[in-house]
Amino acid sequence: MVAAGVDVIELGLPFSDPMADGPVIALAAERALAAGTNTLDALNMVKEFREQDQETPVVLMGYLNPVEVIGYEKFVSHAKQCGVDGLLLVDLPPEESKEFGAVLKQHDMDQIFLLAPTSTDQRIQHVTNQASGFIYYVSLKGVTGAATLDTAEAAARIQKIKNATNIPVGVGFGISDAASAKAMGNVADAVIVGSAFVKNFATLAADDAVEQTVSKVKELRAALDELV
């Protein structure tokens with residue numbers, strides 16, 4: 001995927017109750033858990049990736065419970081050793097993240113937060129004061145993989161966030177093709193795509209899924225490169 005044009009890899013940690021994820025990602029988590037994959041296995045995937053690539057940033061996206069089970073210090077130190085650059089815990093709001101954020105900072109890892117169409121000015125300020133790496137803007141109300149994206153509304157909200165911070169803003173949820181990627185890439189610093197890739201692995205043989213995913217990456221990369 002990196003060779004096809006991906007700039008940053010977001011790796012989802014499998015969890016049994018992925019409340020922010022739509023059916024595509026939720027079913028992928030179910031398949032991973034059913035196959036015996038756990039949080040430490042995901043970290044080991046990053047470690048293996050780092051044997052081939054030491055440059056491409058890797059961000060973990062997941063939920064608080066598995067991290068608490070392992071322990072903040074143990075989890076973060078191991079993630080750092082494996083080559084993780086940042087972490088987004090969907091259900092850990094900035095108001096409750098001081099302790100975890102301090103551990104991440106000790107290990108020079110970024111703490112990434114979500115902002116949404118419903119975020120108030122106060123919440124935007126709170127997040128921009130605490131976030132590092134980038135801010136993940138949820139482009140629509142709903143879960144990952146939702147189909148309807150109002151690009152004009154999202155563009156206005158992204159610009160509002162960018163006016164409040166120098167931290168890059170990435171936009172995700174609802175981006176699945178060249179047109180939506182290009183529209184969002186015109187106003188955001190990054191576009192984040194998950195479900196459009198993951199769905200291939202639910203319906204296709206592994207080799208075919210990889211081929212389709214790489215093709216989709218190239219399609220999105222070409223669209224974004226037109227903006228340069």
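Visitor: Which residue forms a salt bridge with Lys 160?
Guide: Asp 121 does, with the closest N and O atoms 2.6 Å apart. The pair links distant parts of the chain, since Asp 121 sits in helix H6 and Lys 160 in helix H7, 39 residues apart. Keep in mind that this is a predicted model.

Visitor: Is Lys 160 buried, exposed or partly exposed?
Guide: Lys 160 is partly exposed, because its relative accessible area is 37%.

Visitor: Stay on H6. Which of its residues are buried?
Guide: Ile 124, Val 127 and Thr 128 are the buried residues of H6, a helix that covers residues 121–130. Seen down the helix axis, they fall within an arc of 95°, so they line one face of H6.

Visitor: And what is exposed on the other side?
Guide: Gln 122 and Asn 129 are exposed there.

Visitor: What do the buried residues of H6 pack against?
Guide: Three elements: strand S5 (114–115), strand S6 (135–138) and helix H7 (151–164). Thr 128, one of the buried residues of H6, is also in contact with Thr 165.

Visitor: Where is Thr 165?
Guide: Thr 165 is in the loop between H7 and strand S7 (169–172). With a relative accessible area of 13%, Thr 165 is buried. Ile 135 is another of its contacts, leaving aside neighbours within four places in sequence.

Visitor: New topic. Where does UniProt place the active site?
Guide: The UniProt entry, which is unreviewed, puts that feature at Glu 10 and Asp 21.

Visitor: Where do those two sit in the fold?
Guide: Glu 10 is in strand S1, residues 9–12. Asp 21 is in the loop between S1 and helix H1 (23–34).

Visitor: Why does Asp 21 count as buried?
Guide: Asp 21 has 15% relative accessibility, and buried means under 20%. Glu 10 counts as partly exposed, because its figure is 36%.

Visitor: What is Glu 10 in contact with?
Guide: Val 59, Met 61, Tyr 136 and Ile 192, leaving aside its neighbours within four places in sequence.

Visitor: How is the chain divided into domains?
Guide: Domain 1 takes residues 1–111 and domain 2 takes 118–221. Their centres, taken over C-alpha atoms, are separated by 18 Å. The contact takes 23 residues from domain 1 and 25 residues from domain 2.

Visitor: What area do they bury between them?
Guide: About 1,800 Å², with 62% of it on carbon and sulfur atoms. Met 1, Ala 4 and Pro 94 supply 26% of the area that domain 1 buries against domain 2, more than any other three residues.

Visitor: How many salt bridges are there between the domains?
Guide: Two between domain 1 and domain 2. Elsewhere in the list of pairs, Glu 95 forms a salt bridge with Arg 123, with the closest N and O atoms 2.5 Å apart.

Visitor: And how many does the structure hold?
Guide: Eight salt bridges. Among them is the pair of Asp 85 and Arg 50, at 2.8 Å from N to O. Asp 85 lies in the loop between helix H4 (72–82) and strand S3 (86–89) and Arg 50 in helix H2, so the pair ties together parts that are 35 residues apart in sequence.

Visitor: Buried or exposed, that Arg 50?
Guide: Arg 50 counts as buried, at 13% relative accessibility.

Visitor: Which salt bridges share partners?
Guide: Those that join Asp 7, Arg 221 and Asp 225 into one network. Arg 221 and Asp 225 meet at 3.1 Å, N to O. Both lie in helix H11 (residues 206–225), four residues apart, about one turn of the helix.

Visitor: Are they buried or exposed?
Guide: Asp 108 counts as exposed, at 61% relative accessibility. Phe 173 counts as buried, at 6%.

Technical notes. Residues are numbered from 1 along each chain as its sequence is written. This is a predicted model: local features need pLDDT of at least 70, side-chain atom pairs count only at pLDDT 80 or more; totals for chains, interfaces and linings use all residues. Side-chain values use heavy atoms; hydrogens and water are left out. UniProt positions are given in the numbering used here, feature names are shortened, and annotations may be inferred rather than shown by experiment. Buried means under 20% relative accessible area, exposed over 50%, partly exposed in between (1.4 Å probe, protein chains only). Contact means heavy atoms within 4.5 Å. The arc is that of the directions from the helix axis to the C-beta atoms. Domain bounds come from an automatic or database domain assignment. Buried area is the accessible area (1.4 Å probe) that two parts lose on being put together, summed over both. A salt bridge is a side-chain nitrogen of Lys or Arg within 4 Å of a carboxyl oxygen of Asp or Glu.
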